[in-house]
Amino acid sequence: MKLDAVTINMLKTGIWESFYMTALSSLFAYIIGLPLGIILVVTDEGGIRPIPWLQKILGVVINLLRSVPFLILLFIALPLSKIVIGTRIGSPAIVIPLTIAAAPYVARVVESSFRELDAGVIEAAQSMGASTWQIIWKVFLPESKPSLLLGAALAVTTILSYSAMAGFTGGGGLGAIAINYGYYRYEPFLMWVSVVLLVVMVQIIQEAGNRLSRKSDKRIR
Amino acid sequence: METPIIQIQNLAKEFKTANGPVRALQDINLEVSAGEIFGIIGLSGAGKSTLVRCINYLEVPTEGDVLFEGQSMAAMTDAQRRTTRRSMGMIFQQFNLLAQRNVIRNVCFPLELTGVPKKEARERAMELLKMVGLEDRAQAYPAQLSGGQKQRVAIARALATNPKVILCDEATSALDPNTTKQILELLKEINQTMGVTIIVITHEMAVIEAICDRVAIIDQSRIAEVGAVSEIFLNPQSAIGRKLIMGDAGERAAGGTGSGRSIRIIFDGRESAEPIISNMVLACKAPVNIMYAATRDIQGKAMGQMVVQLPKDADGAERVIDYLESIKIPYEEVNGYEA
Ligand SMILES: Nc1ncnc2c1ncn2[C@@H]1O[C@H](COP(=O)(O)OP(=O)(O)O)[C@@H](O)[C@H]1O
Ligand SMILES: [Mg+2]
């Protein structure tokens with residue numbers, strides 16, 4: 001097995017598919033997970049707008065979703081993909097289970113970023129008469145930006161590695177190539193090439209996250 | 001008489017914790033007049049921070065009420081309380097600046113909250129930064145400033161909305177003595193030029209002595225005593241008051257751990273303590289043991305006090321007391337103090 005033009009094209013397609021599955025799922029996971037993370041912190045007992053029952057229920061639901069192994073979630077959620085986007089196979093179809101798996105994870109990552117925030121700064125904002133919304137928009141989000149960016153690198157790389165399982169359900173991407181060639185056809189060379197490419201993608205995402213975080217952080221100077 | 005700007009009425013605060021309820025404040029009654037610098041002093045854990053947070057209702061009291069300009073905070077809606085808070089700036093031990101905003105945007109922050117147009121807010125912020133002496137650091141981030149500079153930014157920020165009151169919770173406790181002095185001077189200047197009422201929370205008597213007109217001493221969740229700073233300095237009524245003013249040495253002396261009687265002598269701090277004592281020893285031909293001596297600068301007025309142990313023999317003790325009477329030095333017997 002050599003890296004001929006056909007193989008290289010296949011790998012290119014694989015990279016692209018991995019990229020867009022990850023990008024779309026990350027986007028949707030943040031659209032759902034970021035507000036959930038905010039709610040987890042804000043409605044906590046010592047939060048700025050305590051609603052303990054809501055916080056507890058949300059926490060349990062998130063833990064439940066997070067404890068289902070992704071492969072199982074994948075098979076449970078694919079029928080939903082059929083309803084929403086009309087198909088249960090291929091790369092687009094996996095975006096829905098990926099989002100369902102990643103959103104609660106993102107919520108926890110965002111939550112932990114917010115929890116790092118100094119309580120004194122929030123108290124100061126409250127002492128100036130800031131409303132709950134103002135504290136979320138003007139304190140929580142901008143003040144934890146560096147930490148949120150680091151968390152995003154963590155979440156996106158995790159989503160990328162989940163996306164590699166799309167191969168089991170007819171999805172595409174580098175993971176599918178690795179599984180199809182390495183696992184089903186005993187062609188370890190292509191499997192290793194795909195794995196290396198995945199590792200490189202993870203490195204790039206992580207490094208980008210680190211740099212953006214550092215660059216945005218006004219505390220270091 | 002004018003309505004006090006802040007009236008604290010029968011206030012109590014209880015925290016529910018895993019180990020049962022904690023009474024952080026009990027039976028608190030205080031009045032702060034407009035334009036004064038009012039101190040609240042107490043040891044760590046006495047309830048000072050809880051009290052100051054109850055004043056602007058960041059902490060909702062379990063019992064009682066706080067009246068701001070005669071208006072009951074207990075009766076207000078959340079929105080009304082937020083509006084009232086804008087009349088009460090607050091500064092903190094740890095400064096609590098927004099780390100991701102530069103200095104000028106920190107000062108603009110409270111104005112942003114009330115929807116003041118950006119340009120207007122920036123102008124106001126620059127004015128305030130000039131006043132605290134930091135106009136050249138407007139673009140710096142908090143991490144690039146010293147502790148004293150951070151507190152100046154925090155003061156500018158607290159003043160942005162033209163508050164009537166500034167609450168300071170241990171505002172100088174993280175600063176070195178020199179910086180502490182400068183920040184206290186700045187607060188005093190703000191009080192005098194802008195007429196802002198200032199409430200100073202601290203565990204350090206020196207802070208109270210430097211700028212406060214009146215002081216409340218808080219001990220174990222209750223107010224131990226309230227009064228003019230000079231009066232409390234000369235004549236503390238409570239055990240905690242004596243401890244805060246004279247320190248451990250004073251308390252030991254007052255506690256009468258040694259045998260015999262002790263007295264506290266109060267003198268004009270411009271005179272030195274030595275002549276009084278040496279003349280007394282000469283006149284009475286009796287030795288005394290100095291347990292504690294200090295002069296303090298209270299609001300620019302020097303004041304001194306000393307705790308001495310009287311001679312063991314009753315005769316000698318009598319002679320010393322007669323001598324003090326004859327030269328009209330105020331004194332007080334301190335053996336009766338409960339520790
Ligand atoms: N949020 C809280 N929950 C439980 N206990 C508290 C809380 N805040 C303060 N306390 C308790 O109330 C008491 C007074 O605390 P505080 O007002 O911070 O004292 P100070 O500022 O004088 O050091 C302490 O015993 C403290 O442990
Ligand atoms: Mg405190």
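Among contacts in chain A between residues at least 6 apart in sequence, what share joins residues at least 24 apart? The share is 72%, where contact means heavy atoms within 4.5 Å.

This is a predicted model, in which local features need pLDDT of at least 70, side-chain atom pairs count only at pLDDT 80 or more, and totals for chains, interfaces and linings use all residues. Residues are numbered from 1 along each chain as its sequence is written, chains are lettered from A and ligands numbered from 1 in the order in which they are written, and side-chain values use heavy atoms, with hydrogens and water left out.

**Stop 1: chain A**

Select chain A. Nine helices and zero strands are found here; helices (H or I, at least four residues) and strands (E, at least two) are DSSP runs, numbered from the N terminus. The C-alpha atoms of chain A fill a box of roughly 70 × 45 × 25 Å along the principal axes. Of the 221 residues in chain A, 49% are buried, that is, under 20% relative accessible area with a 1.4 Å probe and protein chains only.

**Stop 2: the contact between the chains**

Now show both chains. Chain A brings 23 residues to the contact and chain B brings 23 residues. Between them the chains bury about 2,100 Å², with 58% of it on carbon and sulfur atoms; buried area is the accessible area (1.4 Å probe) that two parts lose on being put together, summed over both. In chain A, select A:Ser127, A:Met128 and A:Lys218, which lose the most area to chain B and together make up 30% of what that side buries.

**Stop 3: helix H2 of chain B**

Select residues 78-85 of chain B, which form helix H2. Its buried residues are B:Arg81, B:Thr84 and B:Arg85. Seen down the axis of H2(B), these fall within an arc of 100 degrees, so they line one face of the helix; the arc is that of the directions from the helix axis to the C-beta atoms. Their cover includes helix H5 (119-127) of chain A, along with strands S4 (63-68) and S6 (88-92) of chain B.

**Stop 4: the largest cavity**

Select the residues lining the largest cavity, among them A:Ser127, A:Met128, B:Arg85 and B:Met90. A cavity is a set of points on a 1 Å grid over the protein atoms alone where a 1.4 Å probe fits but cannot get out, and lining residues have an atom within 4 Å of a point. The largest cavity holds about 70 Å³ of space, a volume being the space filled by probe spheres set on the points. S6(B) gives the largest share of the lining, three residues.

Conventions. Buried means under 20% relative accessible area, exposed over 50%, partly exposed in between (1.4 Å probe, protein chains only). On a 1 Å grid over the protein atoms alone, a cavity is a set of points where a 1.4 Å probe fits but cannot get out, and a pocket is an open set with protein on both sides within 12 Å along at least five of seven lines; lining residues have an atom within 4 Å of a point.
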